[in-house]
Amino acid sequence: MRIILCGFGVVGQSLVKLFDSRSDDLYAKYGLKPRIVGVFDSKGSATDPSGLEFMKLVEVKKKFGTVKNYANTKNTMSGVEMIKNIEADVLIETTASNYKDAEPGMTHITTAMKKGMHVISVNKGPLALAFPSLMELATYNQVMLKFSGTVGGGTPILDYAKNSLNGERITSFAGILNGTTNYILSNMTTGLSFDESLKDAKGKGYVEADESLDLDGLDAAAKLVILANWVMGMKVTMPDINCTGIRKVTTEDIKKAAKNNSAVKLIASCNKELVVAPKEVSNNDPLCVNGTLNAIAFTSEHSGTQTIIGKGAGGIETASSILRDLLDIRQEITKN
Ligand code: HSE
């Protein structure tokens with residue numbers, strides 16, 4: 001399967017390492033032979049129609065900070081040029097999420113779909129700002145658009161709701177969808193102030209380069225948009241979310257919750273309204289997970305409430321979600 005990889009940060013590199021370490025097993029078990037024919041980062045590109053060497057890409061990136069030194073002649077082809085000019089079956093979009101105009105991911109995804117490529121995106125920006133129109137574009141061009149890793153990282157939250165609960169009517173859901181704010185709030189139960197806890201989270205490398213994405217609830221809101229569209233069939237985008245972050249949560253709020261045998265969590269919920277806001281959750285509720293964990297409780301008409309818990313971020317975890325999507329695409333293609 002010929003792949004163009006957009007972005008070569010933590011997730012992109014984890015994916016390439018996964019392909020390298022699992023190549024025999026992926027072929028033997030699933031008949032999957034991933035061939036990366038092009039990859040680009042913010043400084044340049046590497047291309048080879050017969051497939052780039054996985055570990056050489058990682059080594060070149062480590063040494064030069066870009067993949068453009070992969071070949072002897074530095075490759076400065078832009079991402080869009082690559083998508084337009086190189087033949088591939090699947091585009092994997094891993095550039096950073098941006099909730100202002102969703103670029104550059106939006107252009108990568110739309111250009112690829114118009115050219116007939118299937119798309120896997122772990123970039124939330126395009127889906128958060130234009131989910132309904134991107135799905136239409138995928139249908140129009142008869143391609144698959146997959147985005148398993150956008151919610152829950154490696155934890156298959158979207159697949160669970162869409163496929164495992166097939167036939168059910170999900171009436172509402174509520175979840176902790178941002179690991180960083182969960183870490184900060186969990187840490188505040190030990191008596192740390194918001195600022196101290198934020199500093200600790202930054203030291204551990206959890207906080208996004210633009211901290212507002214985590215702290216003001218934008219990341220959780222983007223995930224809520226994706227869930228609402230995909231699971232509930234709503235046609236909504238970011239401005240439809242009533243969003244409050246955690247900056248105003250004080251140690252007093254945390255202590256007050258503890259007296260009620262509860263904890264303050266940043267909850268993204270869909271129940272008549274779409275809301276992201278800090279809320280008290282009982283310590284006995286399975287949703288009340290700590291640290292960087294994510295959790296989501298789906299309430300369905302017949303089967304009641306079920307909670308799924310897991311790691312919501314991380315390079316290798318998110319790479320595993322891309323592999324899931326890739327295997328789904330391969331299975332669909334080989335059916336026809
Ligand atoms: N900043 C996000 C989080 C990363 O903390 O959950 C995964 O989307």
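**Entry 1: the ligand**

I began at K124, where a polar side-chain atom lies 3.0 Å from an oxygen atom of the ligand. I count such a pair as a polar contact when the N or O atoms are within 3.5 Å; within protein, one must be able to donate a hydrogen and the other to accept it, and residues adjacent in sequence count only if both atoms are side-chain atoms. This is a predicted model, so local features need pLDDT of at least 70 and side-chain atom pairs count only at pLDDT 80 or more, while totals for chains, interfaces and linings use all residues. Residues are numbered from 1 along each chain as its sequence is written, and side-chain values use heavy atoms, with hydrogens and water left out.

Next I looked up G179. One of its backbone N or O atoms lies 2.8 Å from an oxygen atom of the ligand. For T180, an N or O atom in the side chain is 2.6 Å from a ligand oxygen. How much of the ligand does the protein cover? It covers 87% of the 260 Å² of accessible area that the ligand has on its own. Accessible areas come from the Shrake-Rupley method with a 1.4 Å probe; for residues, only the protein chains shown count as cover.

I then listed the residues around the ligand: K124, N178, G179, T180, E208, D214, D219, K223, G312 and A313. By class, the shell has one nonpolar, four polar and five charged residues. Here Ala, Val, Leu, Ile, Met, Phe, Trp, Tyr, Cys and Pro count as nonpolar, Asp, Glu, Lys and Arg as charged, and the others, Gly among them, as polar.

Which elements give two or more residues to the shell? They are α8 (179–188) and α11 (218–232). Helices (H or I, at least four residues) and strands (E, at least two) are DSSP runs, numbered from the N terminus.

**Entry 2: helix α8**

I stayed with α8. Is it covered or open? It is mostly covered, with 10 of its 10 residues buried. Buried means under 20% relative accessible area, exposed over 50%, and partly exposed in between (1.4 Å probe, protein chains only). G179 and T180 are among the buried residues, and so are Y183, I184 and L185.

At the start of α8, a side-chain oxygen of N178 reaches to within 3.3 Å of the backbone nitrogen of T180.

**Entry 3: the whole protein**

I stepped back. The protein has 13 helices and 12 strands. Its radius of gyration is 20 Å, which agrees with the value near 20 Å for a compact globule of 336 residues. That radius is taken over C-alpha atoms, and the globule rule is 2.2 Å times the number of residues to the power 0.38. The C-alpha atoms fill a box of roughly 65 × 45 × 40 Å along the principal axes.

Buried residues make up 53% of the 336. Of the contacts with a separation of 6 or more, 69% join residues 24 or more positions apart. Contact means heavy atoms within 4.5 Å. The accessible surface comes to about 15300 Å², and 49% of that belongs to carbon and sulfur atoms.

**Entry 4: two single residues**

I picked K68, in the loop between α3 (54–64) and α4 (79–85). K68 counts as partly exposed because its relative accessibility is 21%. Its C-alpha atom is 42 Å from that of S186, 118 residues along the chain. Leaving aside neighbours within four places in sequence, K68 is in contact with K43, G44, S45, T73, K74 and N75.

T318 sits in helix α13 (residues 315–335). T318 counts as buried because its relative accessibility is 8%. Beyond its neighbours within four places in sequence, its contacts include V11, V122 and A313.

Most residues other than glycine have a negative phi, and most peptide bonds are trans. I looked for exceptions. A cis peptide bond joins E103 and P104, with omega about 5 degrees. P104 is in the loop between β4 (90–93) and α5 (105–114).

N261 has a positive phi, near 55 degrees. It lies in the loop between α12 and β9. K272 also has a positive phi, of about 70 degrees. Its place is the loop between β9 and β10 (273–282). Is K272 buried or exposed? K272 counts as exposed, because its relative accessibility is 85%.

Note on methods:
Near = heavy atom within 4 Å.
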